[in-house]
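Thanks for coming, everyone. Have a look at the screen.

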Amino acid sequence: MALTIPLKLMRIGSLLLTAVLPLAAGVADAAPNGTWLSQPQIWYYSSTQALTDLMAQIRYENYKIVFLDYRKVSDEMQQEVAYEARRQGLFPVVWVQSPQYRSMSIRDLVHAARHGDGIQVDDHFFANYSLTDFYMLRRLYNKPIFCSIQPFQVGRVPANGCNQLDVQCYTPQTFQRCLKLADQLGAVVSLSTINTLGFQKSLGGRRFNTFLWHGE
C-alpha cells in the first residue's frame, strides 16, 4: 500500500534538513582554542614591534586564547602584550610556568597573573602543589583558572574550580588513549607542535590548543 505524506509535512521536513546539514558538516572540523607564547617569543615580537600582526594572525587562525609566559618580562611589556591580545579579540591568560623552581606561594601566583584576564596552572603545578593549594588559589583569584595536565595526572584534577581543563596529548604512541581521556573529562586537547599537531585532522569536532605558537 502506498504511503502518502502530506505536503505540509514534506515542507517542514525539508526545512529541518536544510537547517541540520550545515551543522552536521561542521562537526568534523576541529576547533582552535588556545596557543602558547613563550618568553623568547614575547620578547621577540615586542622588541620588533610585531605584536599587532602576531595577535591578528593568531585570531585569523580562529584561536580564542593566548597563554603567556611572563617570566622576567617587564610590567610594561606584560601590559602591552595583554592589550594587543584584547584589541584583536583574544583572551590573554598568564601561564605561570614552573612555579616550584621559584618557590612561589599561592599569593605569588596571583600576583604573577595581575596583567592577564586569567591564569593557567599546568602539570608542573599539579606535580608540586596540593589540592589545598589549588583551592586557596581559587579563593584568592577572582578570574578564570585554566588547568593543564598530563594524562597520568588525571587523579589530581580538582573536582571543581577549573574554568577550563586541557590534557596534554604530546606523544604519538599514546595519542588515541589521550583523546579518550580528554573526552571523558570534557577537556580541550593540547597538541605538541613537533609531535602531534599533525593529528589535527583526526580530532573531529574537538577543541584543541597548540604548544607552542607555530606561526613564526
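Start at Ala31: its bridge partner in strand 8 is Arg207. That contact belongs to a set of four bridges joining strand 1 (residues 31-37) to strand 8, and the two run parallel. A word on terms. Two strands pair if DSSP finds at least two bridges between them. Helices (H or I, at least four residues) and strands (E, at least two) are DSSP runs, numbered from the N terminus.

This is a predicted model: local features need pLDDT of at least 70, side-chain atom pairs count only at pLDDT 80 or more, and totals for chains, interfaces and linings use all residues. Residues are numbered from 1 along each chain as its sequence is written, and side-chain values use heavy atoms, with hydrogens and water left out.

Now the whole sheet. Eight strands close into a barrel, in the order 1-2-3-4-5-6-7-8, with parallel pairing. On average, neighbouring strands of this sheet are turned by 30° against each other, direction ignored. Axes here are lines fitted to C-alpha atoms, for helices over the stretch in contact, and angles run from 0 to 180 degrees between N-to-C directions.

Next, strand 5. What does it pair with? On one side, strand 4 (residues 119-121), parallel, over three bridges. There, Val121 stands opposite Cys147. Strand 5 also pairs with strand 6 (residues 164-169), again parallel, over four bridges. Phe146 stands opposite Gln164 in that pairing.

Is strand 5 buried or exposed? Five of its five residues, 145-149, are buried, so the strand is largely enclosed by the rest of the structure. Buried means under 20% relative accessible area, exposed over 50%, and partly exposed in between (1.4 Å probe, protein chains only). In a regular strand, side chains alternate between the two faces of the sheet. Here both faces are covered: Ile145, Cys147 and Ile149 on one side, Phe146 and Ser148 on the other.

Helix 8 (residues 175-185) lies across strand 5, strand 6 and strand 7 (188-192). It runs at about 170° to strand 6. Contact means heavy atoms within 4.5 Å.

Last, the backbone. Most residues other than glycine have a negative phi, and most peptide bonds are trans. Gln49 has a positive phi of about 55°. It sits in the loop between helix 2 (39-47) and helix 3 (51-60), and is exposed at 68% relative accessible area. Ser103 has a positive phi too, near 50°. Its relative accessible area is 63%, so Ser103 is exposed. Finally, a cis peptide bond joins Phe211 and Leu212, with omega about -10°. Leu212 is in the segment after strand 8 (207-211).
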